[in-house]
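Hi there,

Here is the structure I promised to pass on, sequence included. Have a look, and my notes follow below.

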Amino acid sequence: MTCRPHVSALITTLVGVLISVATLALAAVPTPGSLDSSFSVGTGGNAPVSVLVAQPDGKLVIGGAFDVFNGVPQRRLARLLVDGSLDPAFNLGTGVGDAVYCLAVQPNGQIVLGGSFYTVNGVNHHGIARLNADGSVDVSGNWASNGARTDGSVYAVVIQPDGRIVIGGTFSQVNGVARNRLARLNEDGTLDTTFNPGVGPDNAVYGLALQGDGKLLVAGQFNRYGGAVHNPVARLNANGTLDASFDIGPVLVGYAQTVVVQADGKIVVAGGLSSTDGRSSKLLRLNADGTRDGEFLAGSTFNSDVL
């Protein structure tokens, strides 16, 4: 079909407009991995941020050693809006008395925090505490002052689907009961006595991860578990006993800082590890049974520990 001149000109103009719009739209799409200029924390913290957790609404809860964030007094804990600015609706009063190392957000919006602190908003809370969604300290049940407590630092926390809370760290007691570096709390902050790791690891626990079957992965600086030589990565049954079927193979030495379970069941471990077979293990992946995934070779490419 032949177009009349004025119709042809109109079509040419429309095509030009469409091309321009498409070009602008493509230009507006950020390049994967590029800096998101819509997110800005200003001057940030005046000391390290150790942990960051995203809430379902996109807000970010951060914890660490800072006492000022973006020029505003924020002692060791703050919440950021989706653009990186401080959330004015989150008010923790005088803040946390010492470093926060781990955070977990419950489905109801409450926040469990662990660290080396002894006070939260000026009230005694040793090693662990729970906040309400607005930042106020939860004083219900055993979460009241001197209720849920540890005698050492808490470096890791995970919340089970049933609401119970597993913690790991350097403590030897929880709520006044002997628990070596691992424990589980009921949702009300009382100690869950059905979870008993016994002698447990002989040194610090830095990382925890839940598997879909309810088993618990533990990473840390230990080289003995339950009195026997063991890799610094272990798996526990739901009641806290050691899962002997989880076998990494050649002994790893050093420490594991972080452990993550992939959707396919494979397990990624990061830290400062080396193995008796001579392979560097700063970052390694394990199969579901604990054996090393030989197809994952990233660990040999790092010249320093992966934290």
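Let me start with a question: is His-125 buried or exposed? His-125 is buried, with a relative accessible area of 3% (buried means under 20% relative accessible area, exposed over 50%, partly exposed in between, with a 1.4 Å probe and protein chains only).

Before going on, some housekeeping. This is a predicted model, in which local features need pLDDT of at least 70 and side-chain atom pairs count only at pLDDT 80 or more, while totals for chains, interfaces and linings use all residues. Residues are numbered from 1 along each chain as its sequence is written, and side-chain values use heavy atoms, with hydrogens and water left out.

**Overview**

The protein has 307 residues, 42% of which count as buried. It contains one helix and 23 strands (DSSP runs numbered from the N terminus: H or I of at least four residues for helices, E of at least two for strands). Among the contacts with a separation of 6 or more, 35% come from residues 24 or more positions apart (contact means heavy atoms within 4.5 Å).

His-125 sits in the loop between strand S9 (123-124) and S10. Leaving out residues up to four places away in sequence, His-125 touches Phe-117, Tyr-118, Thr-119, Val-120, Val-137, Trp-143, Ala-144 and Ser-145.

Thr-150 belongs to the loop between S10 and strand S11 (154-159), and is buried too, at a relative accessible area of 5%. A polar atom of the Thr-150 side chain lies 2.7 Å from the backbone oxygen of Gly-152. Beyond four places in sequence, the residues that Thr-150 touches include His-126, Ile-128, Phe-171 and Val-174.

Strand S7 (residues 111-115) is mostly covered, with five of its five residues buried. In a regular strand the side chains alternate between the two faces of the sheet. Here Ile-111, Leu-113 and Gly-115 point one way from S7, Val-112 and Gly-114 point the other way, and all are buried.

S7 pairs with strand S6 (residues 100-105) in the antiparallel sense over five bridges (two strands pair if DSSP finds at least two bridges between them). Val-100 has Gly-115 in S7 as its bridge partner. Five residues lie between the strands in the hairpin of S6 and S7, where Gly-109 takes a positive phi near 95 degrees.

S7 also pairs with strand S10 (residues 128-131), again in the antiparallel sense, over four bridges. In this pairing Gly-114 stands opposite Ile-128.

**Arg-130**

Which strand holds Arg-130? Arg-130 is in strand S10, and is buried, with a relative accessible area of 5%. The side chain of Arg-130 makes a polar contact with the side chain of Gln-106 at 3.2 Å (a pair of N or O atoms within 3.5 Å; within protein, one must be able to donate a hydrogen and the other to accept it, and residues adjacent in sequence count only if both atoms are side-chain atoms). The Arg-130 side chain also reaches the backbone oxygen of Glu-187, at 3.0 Å. The C-alpha atoms of Arg-130 and Ile-111 are separated by 5.5 Å, with the two residues 19 apart along the chain.

**Strand S1 and some phi angles**

S1 and strand S2 (residues 60-64) pair in the antiparallel sense over five bridges, with Val-49 opposite Gly-64. Their hairpin has five residues between the strands, and Gly-58 there takes a positive phi near 95 degrees.

Most residues other than glycine have a negative phi, and most peptide bonds are trans. Asn-70 falls in the loop between strand S3 (68-69) and strand S4 (72-73) and is partly exposed, with a relative accessible area of 33%. Arg-181 lies in the loop between strand S14 (177-178) and strand S15 (182-185).

Best wishes
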